[in-house]
Amino acid sequence: MKKCRAKNFVFSAIQRCSVERLSRLSQMHVEMSSQERAIDQYIKLLRMDRLDENTGVESLQKTISYFQNVFSVHMTSEWFDGRLLFGDVLSELDAGLQWMKLNTQRIGFFLLPDKEESDLGQLETALLAAVSDCQQLVIRVRNRIPSKGEFSLPQKVDDRLQLAVCSLEKGATILDKFCSMASTQLSMLPDVEGIEVERLKEMLLGAIEKVHGKGKGAENYEVLKSHLYNLRSTLAEIANDIEKDIIVDPETEEKPFPPLLERAHARKQDAVEAESLRWQVEKKEAEITDLRKTIRSKNDDLSNFR
């Protein structure tokens with residue numbers, strides 16, 4: 001998702017950047033193509049139904065870092081579509097919340113039938129409620145995005161969006177690691193209906209430690225909820241900021257054509273001028289040929305008089 005967002009930043013900025021900037025970016029086409037091929041491998045695995053939790057994402061992380069670096073180095077000062085940015089981030093948050101909701105529901109599947117009221121059962125209930133609140137806030141924020149005109153994100157809102165993505169990413173990563181360990185354990189014990197609560201707590205603690213490092217067990221269990229609570233409060237602040245019209249429509253100078261079209265028009269004009277010059281040269285060559293014929297004819301006439 002981050003890769004898609006970074007590419008959209010670059011793409012929208014390319015629509016309004018200068019021809020010189022586009023020319024410099026065109027020199028990176030080969031590098032960008034190699035990054036695209038790395039993504040194609042994941043799409044191929046997805047089509048073959050072989051994309052699962054065991055698939056390595058190192059190349060995907062490298063691709064994300066590459067496009068983020070391209071944007072920060074070459075396009076930071078350029079205009080980009082604020083609505084596209086905002087919509088992409090909200091789509092990421094919505095997809096991440098769906099993923100987290102699914103993994104949260106899996107906690108109940110891992111529990112033994114008579115352990116729904118245990119600490120993990122209560123954790124599942126609290127997480128599902130927080131996820132539902134966050135999803136409603138995402139819808140609320142999306143509905144507040146201006147439908148017309150251009151706008152840029154204030155720095156405060158941009159910082160909060162990054163904080164929201166970070167909170168969701170950490171919480172979802174913890175749950176994903178926990179579910180991966182629990183599902184592996186269940187696959188090794190096909191005749192059981194669930195896993196003991198204490199064993200599940202150990203797995204959850206291990207997943208939290210992989211993300212945050214070691215700490216006190218009781219405090220670590222609250223870390224997962226704190227990520228979602230932070231996300232919920234951050235989304236509420238963003239929604240309030242939008243409702244207070246903090247996002248404004250700045251006056252922007254409209255460019256008649258994207259730089260690619262400007263470059264194409266310039267090349268077309270160059271081709272027209274080159275064709276005109278070629279026609280003039282051919283005309284001069286024809287005149288010179290006629291003049292040579294005339295001179296040759298005059299010379300022949302003079303030789304006859306002699």
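A contact here means heavy atoms within 4.5 Å.

**View 1. Overview of the predicted protein chain.** This is a predicted model, in which local features need pLDDT of at least 70 and side-chain atom pairs count only at pLDDT 80 or more, while totals for chains, interfaces and linings use all residues. Residues are numbered from 1 along each chain as its sequence is written, and side-chain values use heavy atoms, with hydrogens and water left out. The protein chain has 10 helices and zero strands (DSSP runs numbered from the N terminus; helices are H or I, at least four residues, and strands are E, at least two). Of contacts between residues at least 6 apart in sequence, 82% join residues at least 24 apart. Among the 306 residues, 33% count as buried (under 20% relative accessible area, 1.4 Å probe, protein chains only).

**View 2. The ring pair of Tyr 66 and Phe 67.** Searching the whole structure gives two aromatic pairs (ring centres within 6.5 Å, the six-membered ring being used for Trp; planes under 30 degrees apart are stacked, over 60 edge-to-face, the rest tilted). The centres of Tyr 66 and Phe 67 lie 5.3 Å apart with planes at 80°, so this pair is edge-to-face. Tyr 66 is buried at 14% relative accessibility, and Phe 67 is buried at 3%.

**View 3. The ring pair of Phe 110 and Phe 178.** Here the centres are 6.1 Å apart and the planes stand at 80°, so Phe 110 and Phe 178 are edge-to-face. The pair links distant parts of the chain, 68 residues apart: Phe 110 belongs to helix H5 (residues 82–110) and Phe 178 to helix H7 (residues 155–188). Phe 110 is buried at 5% relative accessibility; Phe 178 is buried with a relative accessible area of 0%.

Conventions: Buried means under 20% relative accessible area, exposed over 50%, partly exposed in between (1.4 Å probe, protein chains only).
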